[in-house]
Amino acid sequence: MDQQQQLQSLSDQYQGLQTELSSLVQARQKLEGQFTENESVQKEFAGLDEDAKIYKLVGPVLLKQETSEAKSTVDGRLDYIGKEMYDPNGSSEPRAKLTASSKRIETSIEEIQAKSDGKRTEIMQIQAQAQQPAAQA
């Protein structure tokens, strides 16, 4: 494979990694937003009486929902989002308590960034090699 083909192949791989990285960052941002929103709802629920009336918006209609059911739904969402974002082992501990190595999406982002950096370095090396003969001529 000549340098031009190798450079094109590496460039394509690099672009693919950048696209994947962008998708992961967007997914993380979406999950963080959902997590924050559900934490706020959970805090609101903590201040409610057990006999409080809670309504759930389903399309254009507000439906009455049992307090315990609503709390359970929010707790379930927080657990799910916590597993997706933070800990592949199932813990949805607050962000400050988890190390970077236990974060699922963060780990994926770091892996993709490392691969991307490696491809960029390879591209730069091939470009430098291609420029050396041109400079010597």
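This report describes the helix packing, the hairpin and one annotated region of a predicted model.

## Basis

Local features need pLDDT of at least 70 and side-chain atom pairs pLDDT 80 or more, while totals for chains, interfaces and linings use all residues. Residues are numbered from 1 along each chain as its sequence is written, and side-chain values use heavy atoms, without hydrogens and water.

## Helix packing

Helix α1 (residues 3–46) packs against helix α2 (residues 67–85) at an angle of about 150 degrees, their axes 9 Å apart. Therefore α1 is roughly antiparallel to α2 (angles over 145 degrees, on a scale from 0 to 180 between N-to-C directions). Helices are DSSP runs of H or I with at least four residues, and strands are runs of E with at least two.

Contact (heavy atoms within 4.5 Å) involves, among others, R28, L31, F35 and F45 in α1 and A70, V74, L78 and M85 in α2. The contact residues divide into nine nonpolar, four polar and seven charged (Asp, Glu, Lys and Arg are charged; Ala, Val, Leu, Ile, Met, Phe, Trp, Tyr, Cys and Pro are nonpolar; the others, Gly among them, are polar).

## Hairpin

Strands β1 (residues 54–58) and β2 (residues 61–65) run antiparallel and are joined by five bridges; pairing requires at least two DSSP bridges. I54 stands opposite Q65, and V58 opposite V61. Two residues separate the strands of this hairpin, and G59 in the turn has a positive phi of about 65 degrees.

## Annotated region

An unreviewed UniProt entry annotates residues 7–44 as "coiled-coil region"; such annotations may be inferred rather than shown by experiment. In the model this span is 100% helix and 0% strand, with its end C-alpha atoms 56 Å apart.

Key. Angles under 35 degrees count as roughly parallel, over 145 as roughly antiparallel, 65 to 115 as roughly perpendicular and the rest as oblique.
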